[in-house]
Amino acid sequence: MADAQSALTGAYDAAECAPEEYAAARKMLEKAQAASKAEEYDRARELAVTARDLARKAAKSAKARRGCSEAAQKRREKS
């Protein structure tokens with residue numbers, strides 16, 4: 001689960017530049033957390049791996065949208 005959380009944290013541009021993909025990763029992580037809370041550990045692990053992969057995909061999509069990614073970074077630097 002930590003890998004999925006780390007991947008989402010690392011995909012900060014994706015929230016703005018690939019919002020649909022980022023939201024899918026976030027939702028999958030929430031499902032993984034719920035499965036873990038319900039003590040469904042194998043299912044939680046599967047969902048966490050999927051969340052990690054989705055977050056990585058979102059990060060790549062955000063980087064591919066250079067204009068958006070660069071603009072997001074500049075806005076972060078100003079704040």
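What share of the 79 residues in the chain is buried? Buried residues make up 32% of them. Buried means under 20% relative accessible area, exposed means over 50%, and partly exposed is in between, with a 1.4 Å probe and protein chains only.

A word on the source. This is a predicted model, where local features need pLDDT of at least 70, side-chain atom pairs count only at pLDDT 80 or more, and totals for chains, interfaces and linings use all residues. Residues are numbered from 1 along each chain as its sequence is written, and side-chain values use heavy atoms, with hydrogens and water left out.

Now the overall layout. The chain has 5 helices and 0 strands. Read from the N terminus, its elements run α-α-α-α-α. Helices (H or I, at least four residues) and strands (E, at least two) are DSSP runs, numbered from the N terminus. Contact means heavy atoms within 4.5 Å. Take the contacts in the chain with a separation of 6 or more: 71% of them come from residues 24 or more positions apart.

Let's start with helix 1. It covers residues 2-10, and its buried residues are Ala4, Ala7 and Leu8. Seen down the axis of helix 1, these buried residues fall within an arc of 100°, so they line one face of the helix. The arc is that of the directions from the helix axis to the C-beta atoms. In general, an α-helix has 3.6 residues a turn, so residues three or four places apart point the same way. On the other side of helix 1, Ala2, Asp3 and Thr9 are exposed.

What covers the buried residues of helix 1? The cover includes helix 3 (19-37) and helix 4 (41-64). Let's take the pairs one by one.

Two packed helices are described by the angle between their axes and the distance between the axes. Here, axes are lines fitted to C-alpha atoms, for helices over the stretch in contact, and angles run from 0 to 180 degrees between N-to-C directions. Angles under 35 degrees count as roughly parallel, over 145 as roughly antiparallel, 65 to 115 as roughly perpendicular and the rest as oblique.

Helix 1 and helix 3 first. They pack at an angle of about 155°, with axes 11 Å apart. Helix 1 and helix 3 are therefore roughly antiparallel. Their crossing is left-handed. That term means the near helix is turned anticlockwise from the far one by less than a right angle; clockwise would be right-handed. Helix 1 brings Ala4, Gln5 and Leu8 to the contact, and helix 3 brings Tyr22, Ala25, Arg26, Leu29 and Gln33. By class, the contact of helix 1 with helix 3 has 5 nonpolar, 2 polar and 1 charged. Ala, Val, Leu, Ile, Met, Phe, Trp, Tyr, Cys and Pro count as nonpolar, Asp, Glu, Lys and Arg as charged, and the others, Gly among them, as polar.

Next, helix 1 and helix 4. The angle is about 20°, and the axes are 8 Å apart. Helix 1 and helix 4 are therefore roughly parallel. This crossing is left-handed. Asp3, Ala4, Ala7 and Leu8 of helix 1 meet Ala48, Ala51, Arg52, Ala55 and Arg56 of helix 4. The contact of helix 1 with helix 4 has 6 nonpolar, no polar and 3 charged residues.

Last pair: helix 3 and helix 4. They pack at about 165°, axes 8 Å apart. Helix 3 and helix 4 are therefore roughly antiparallel. The crossing of helix 3 and helix 4 is left-handed. The contact of helix 3 with helix 4 has 15 nonpolar, 3 polar and 4 charged residues.

Some single residues now. Ala35 lies in helix 3. Ala35 is buried, at a relative accessible area of 6%. It touches Glu40, Arg43, Ala44 and Leu47, not counting residues up to four places away in sequence.

Arg43 lies in helix 4 and is partly exposed, at 44%. Its C-alpha atom is separated by 7.3 Å from that of Ala32, 11 residues apart along the chain.

Ser61 lies in helix 4 too. Buried or exposed? Ser61 is buried, with a relative accessible area of 16%. Leaving out residues up to four places away in sequence, Ser61 touches Ala18 and Glu21.

Finally, Glu39. This residue sits in the loop between helix 3 and helix 4. Glu39 counts as exposed, at 59% relative accessibility. Its phi is near 65°, a positive value in a residue other than glycine. Most residues other than glycine have a negative phi.
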